[in-house]
Amino acid sequence: MLPPALPPVIPPPPPPTGTVPGDGSLAALVEGRLHPFTLLLTIGQAIRNFFIPLVIVLFLGRRTEGTFLFWIALMVGLSLTYSLIRYFTFSYRITSHELITTQGLLGRLERKIPLSRVQDVRIEQSLVQRLLGVVELQIETAGGQGAEANLSVLALGEAEKLRALILTHAGRAVPAPAAAESPSQAVMPSEEILRRLTLGDLVRAGLTSNYIASALVVLLVVWQQLDDLLPESVYQQLGRFLEQSVNQAATTGQGFSWTAALILALTLLSVGLVFSVAGSIMLFYGFTLSRCGEDLRRTYGLFTRRSSSLPRRRIQVLRIDEPWLRRCLGLATLRADTAGSAPGEEEEEKSGHDVLLPVTRRNELEPLLPAILPVLVGEPQTPWRRVSPRAIRRGTLKGAWMVLLLTTAACLVWQSWAGLWLLGFLPVVYGLNVQAYRHLGYRLGEFFFWSRQGWLSRKTWIVPLRNAQTVILHQNPLDRWHGVASIRVDTAGQTSTGGGPHLHNVPADEALELARALAQKASALRYRW
């Protein structure tokens, strides 16, 4: 039998003494505590954290087995004690202006989060939590390191109510009608599906990702474990076979060489593709991008289900990524930055929080952009402008120096003039720089600044001018000699897209004029928090 859910939502009490009449800022719209399953999940987490050390002690421990067991039991006990204290002392309440969390037994910690500063409200649900019907609610604000408030765990229905209430009183949804029974009954607009990924889309996303390094790590781990899984005689025989094959290849150049190398390469490629596709499906299974009022909602995940709400007006930068393989297939990835917290690179890769749309056809992305940034509907189609042609010369000179260094090193190592064949790459270097120049440019509209770069792999930045924080004009000595300059547009969000665009080799006069135009347009537009 499931434990009872959280206390029901209660109507706001009358304003406390000392408050201004009619001001409900101190009155709690909702208040409650964590779900009782918090204790059960905490115990499971503690057991999982100490399971491997416990197994090592039981199977390998000798004289010190009792000591190790004592310390493990002590650590588990401390972890459970902390969890009990947190569960019984943690509480939350939401007023019309802020979220307040309180916890602590000896030392009390109270955290106040203004609802107007909330950037994202995420709901995550692991496989175990899905079986128990509970979720983890994470509230993210601008500039923090991770979630500012983590309500783990709550009943699913209660978490949805809290998210709707936070978004409503943050001014990002339609407020509840006057006839509603309680201010906590947040009425959210209808949800419009913008994009739903199929299984085929996820397979294409996995096949066009590069996970060869992951495959190498997996193969090394498997090889290290073979001595435990296989009989010792079989393992030693396999090792001798590989050693003999390598020695034969080194001495005679036969046997192992091309055939074995091809088989090994194909094996690594196959394993990498399998892991890539499996990872893509597990992370983004059932991915749905929808619009609910002024918020974009993403829902995805096979084992761990994730749901997050992203306010459209707080998008600082959009970046369209087209790696070379996806570009050949006409595919792209859309990333978005807000002024929210900055999770680590590993956290982003595991959770996909930085991805607004994992994969889509490039020709289907342009019609989708106005639904993400509504101001694009009235944006005039200004032409793309290229930078100075001196970019070709500068890039070619850099590449030529690299080719000359490699050629010199090859001649010295081989002690012959055979290394001069590397000079044949000079025309290739020139051609690559010409193509890069043709695909490097920018567009300045009334409300947005566009920038793109890359030929085989292309990246396109879209910056709402109202969110531009700084326009930086820079010239190093080489730039001044070539009569060019660099321009960078910084925004409040620098986490997932690498910040705003950074244009190089813009003619100096044009760069100065562009920087002034960007600054004037940004100052004339009101920043949307």
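**Exercise 1. Determine how many residues of strand S13 (residues 331–337) are buried, and which way they point.**

*Solution.* Step 1: apply the terms. A strand is a DSSP run of E with at least two residues, numbered from the N terminus. Buried means under 20% relative accessible area, with a 1.4 Å probe and protein chains only. Step 2: count. Seven of the seven residues of S13 are buried, and the strand is mostly covered. Step 3: sort by direction. Leu331, Thr333, Arg335 and Asp337 point one way, while Ala332, Leu334 and Ala336 point the other way.

The model is predicted: local features need pLDDT of at least 70, side-chain atom pairs count only at pLDDT 80 or more, and totals for chains, interfaces and linings use all residues. Residues are numbered from 1 along each chain as its sequence is written, and side-chain values use heavy atoms, with hydrogens and water left out.

**Exercise 2. Identify how many bridges join S13 to strand S12 (residues 317–322) and to strand S14 (residues 355–361).**

*Solution.* Step 1: two strands pair if DSSP finds at least two bridges between them. Step 2: S12 and S13 run antiparallel and are joined by five bridges; here Leu318 stands opposite Ala336. Step 3: S13 and S14 also run antiparallel, with four bridges; Arg335 stands opposite Val355 in S14.

**Exercise 3. State the strand order of the open sheet of four strands and name its edge strands.**

*Solution.* Step 1: the order is S1-S2-S3-S4, with antiparallel pairing. Step 2: strand S1 (30–32) and strand S4 (109–114) are the edges, as each pairs on one side only. Step 3: strand S3 (residues 98–103) pairs with S4 over six bridges, and Ile100 has Lys112 as its bridge partner in S4.

Technical notes:
Buried < 20%, exposed > 50% of the residue type's maximum accessible area, 1.4 Å probe, protein only.
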